[in-house]
Amino acid sequence: IPIMGDTKNLSNTEAIEKIQDIARDADICLFATDLTSLPISARPMSTQKVDDEGNIWFLSSKSSTQNEEISKDPRVQLFYSHKGSSEYLSVYGEASIMVDREIAKELWSPMVKTWFTEGVDDPELTIIKVVPSDAYYWDTKNNKTVSLLKIIAGAVTGKTMDDGVKGKISV
């Protein structure tokens with residue numbers, strides 16, 4: 001069933017706000033690296049922050065697979081799914097890895113101590129900054145149940161009844 005919906009492309013401040021909203025609310029994304037190999041290497045990662053320029057920040061282990069793959073090829077793709085509001089976001093961009101105690105303190109939360117037991121001074125702690133170059137979003141005007149019923153009704157009647165909004169995000 002093709003889902004048509006409305007297209008609304010976003011740019012500049014509106015685009016950054018959309019990325020911030022979906023990434024903050026969904027929190028966890030599938031963080032894909034090594035994009036030229038199949039199957040794609042992806043793992044769930046928690047977004048620590050989306051800054052005012054639209055950059056997306058993560059904490060990561062120095063010896064992790066994602067750090068190794070980013071050091072070889074910085075291109076990454078992030079997939080967010082916020083089931084509660086039926087919002088979805090795909091972000092393509094370039095990642096960089098850094099060690100910066102002050103930024104780590106800013107991004108730190110008590111939950112992170114589970115992985116980095118020595119706190120912001122943990123020798124394994126690194127920061128990944130993703131600078132988006134392309135993004136696409138989908139969201140619905142109504143809740144998921146209503147949308148699903150409209151999709152089913154559309155399948156029965158042969159008419160598109162989707163009320164979703166999708167669009168390209170240009171940061």
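Let's start at Glu-53: with a relative accessibility of 52%, this residue counts as exposed, since the cut-off for that label is over 50%. Keep in mind as you look around that this is a predicted model. Glu-53 sits in the loop that runs between β5 (49–50) and β6. Follow the chain and you'll find Ile-16 37 residues away from Glu-53 in sequence, but in space their C-alpha atoms are 6.9 Å apart.

**Inside the fold**

Which residues of the largest nonpolar core touch the most other members? They are Phe-31, Ile-56, Phe-58, Leu-78, Tyr-80 and Val-130, out of 21 residues in that core. The elements that each supply two or more residues to this core are helix α1 (12–26) and the strands β3 (28–33), β6 (56–61), β7 (75–82), β8 (87–98) and β9 (125–140).

Setting aside its neighbours within four places in sequence, Ile-56 is in contact with Leu-78, Tyr-80 and Val-130, and its other partners include Ile-19, Val-91 and Ile-128. Its list of contacts also has Thr-47, Lys-49 and Lys-129 on it.

Next, look at the rings. How many aromatic pairs does a search of the whole structure find? The search turns up two. One of them is Phe-31 with Phe-58, arranged edge-to-face, with 5.0 Å from centre to centre and 90° between the planes. Phe-31 belongs to strand β3 and Phe-58 to strand β6, so this pair ties together parts of the chain that lie 27 residues apart in sequence. How hidden are they? Phe-31 has a relative accessible area of 0%, so it counts as buried. Phe-58 is buried as well, with a relative accessible area of 0%.

**Charged partners**

The structure holds nine salt bridges. Here are three of them, with the N to O distance for each.

| Salt bridge | N to O distance |
|---|---|
| Arg-43 and Glu-69 | 3.5 Å |
| Glu-68 and Lys-72 | 3.3 Å |
| Asp-73 and Arg-75 | 2.7 Å |

Take Arg-43 and Glu-69 to begin with. This pair links distant parts of the chain, with Arg-43 in strand β4 (residues 41–46) and Glu-69 in helix α2 (residues 65–72), 26 residues apart. Are these two buried or exposed? Arg-43 and Glu-69 are both buried.

Why are Glu-68 and Lys-72 separated by about one helical turn? Because they are four residues apart in helix α2. Glu-68 has a relative accessibility of 43%, so it counts as partly exposed. Lys-72, at 65%, counts as exposed.

Terms used:
Residues numbered from 1 in each chain as written. Predicted model: local features only at pLDDT ≥ 70, side-chain atom pairs only at ≥ 80, totals over all residues. Heavy atoms only, no water. Core = buried A, V, L, I, M, F, W, Y, C linked by side-chain atoms within 4.5 Å. Buried < 20%, exposed > 50% of the residue type's maximum accessible area, 1.4 Å probe, protein only. Contact = heavy atoms within 4.5 Å. Salt bridge = Lys/Arg side-chain N within 4 Å of Asp/Glu carboxyl O. Phe/Tyr/Trp six-rings, centres within 6.5 Å; stacked < 30°, edge-to-face > 60°.
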